[in-house]
Amino acid sequence: MKKGIGTLTPRRRNLTAFYLFISPWLIGYLVFTLGSILASGWLSLTDYDGINSPHFIGVDNYKEIAHSDLFWKSLWVTIYYTLGHVPLSVVGALCLAVLLNQKIPWLSLWRTIFYLPVVTSGVAVALLWSWIFQPSYGLVNIFLNEVFGIQGPGWFYAENWTVPAFIIMSLWGVGGPMLIYLAGLQGIPTALYESAEIDGASAFRRFWHITLPMITPVLFFNTVMSLIASFQVFTPSFVITKGGPNYASYFYVLYLYQNAFENFRMGYASALAWILFVIILIVTIVMFRLQRRWVHYESVK
């Protein structure tokens, strides 16, 4: 005789209830995420335009990518952006979190103000910064001219300045990691600071020997997330420069998008997506290996 659900042990009932509750997400993940990943892996080995049936061509897409100048250009632009964005984002968000962790008037209001840009639409932000960095009438160049008497650069319209402009623009979103830093800072026991202050430690030494070691897990998390996001930057370049001038802001995902939805080379774009996945995976693994040397976790006894 088969056992009914009422005869199951409490552990079995909890497990069954757990899978029932997550089944909508689980089905959605298997169909729309994992299914898409596996499909893109197959399409990367085909010649597919999105309309006609895929034609299997083996690794020809990967061979073509390896000999594509635009691929290497887009990869370099993305790495250049990452090398500038990640340190500035991590350090800027940390400094902002430390400032907003002090006892100052209207603290909640300041935290809200600095977090608000995170929820702003990416297209709206791109348009805003395209006006701010406009060479003729943009606020930045007007400020440089009026205050310092110097002629500002072309920013998004100059090859040497377009990626630095995107890096500066990316600091608009430091409110997200700032909030995570705040949570980490508020989890540090105040007794540690009090003991250090009694021993005569300065504010800098308290920050260097107490604050930083205690928030290294948060620091590591924000660094990894910032790295992953920087390799996938797309909207600013697509809206403002379209990859110009002269491919100076031709980010990797923009190259992928144009091959998929403008050139209708879905198989080639799928191969690009898998290469990006492998790059991010390798970088993430390296970061997890290196974190053993500097990230300090609380021991659980």
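Before starting I noted the cut-offs: a residue is buried under 20% relative accessible area, exposed over 50%, and partly exposed in between. I also kept in mind that this is a predicted model.

I looked up Tyr29, which is found in helix H1 (residues 10-43), and I read a relative accessible area of 32%, so I noted Tyr29 as partly exposed. Tyr29 belongs to a nonpolar patch on the surface, whose members include Leu15, Trp25 and Phe32, and the patch has about 1,000 Å² of accessible area together.

Leaving aside neighbours within four places in sequence, I saw Ile215 in contact with Leu94, Tyr181, Gly184, Leu185 and Ile188.

Entry on aromatic rings. I counted 26 aromatic pairs in the structure. The rings of Trp76 and Tyr80 have their centres 5.8 Å apart and their planes at 10 degrees, so I listed the pair as stacked; both residues lie in helix H3, four residues apart, about one turn of the helix. Phe220 and Trp294 form an edge-to-face pair, with 6.2 Å centre to centre and 70 degrees between the planes, and this pair links distant parts of the chain, 74 residues apart, in helices H11 and H14. Phe220 counts as buried at 6% relative accessibility, whereas Trp294 counts as partly exposed at 29%.

Notes. Residues are numbered from 1 along each chain as its sequence is written. This is a predicted model: local features need pLDDT of at least 70, side-chain atom pairs count only at pLDDT 80 or more; totals for chains, interfaces and linings use all residues. Side-chain values use heavy atoms; hydrogens and water are left out. Patches are made of residues with over 30% relative accessible area and no salt bridge: like charges are joined within 9 Å, nonpolar side chains (Val, Leu, Ile, Met, Phe, Trp, Tyr) within 5 Å. Accessible areas come from the Shrake-Rupley method with a 1.4 Å probe; for residues, only the protein chains shown count as cover. A salt bridge is a side-chain nitrogen of Lys or Arg within 4 Å of a carboxyl oxygen of Asp or Glu. Helices (H or I, at least four residues) and strands (E, at least two) are DSSP runs, numbered from the N terminus. Buried means under 20% relative accessible area, exposed over 50%, partly exposed in between (1.4 Å probe, protein chains only). Contact means heavy atoms within 4.5 Å. Rings of Phe, Tyr and Trp (its six-membered ring) pair if their centres lie within 6.5 Å; planes under 30 degrees apart count as stacked, over 60 as edge-to-face and the rest as tilted.
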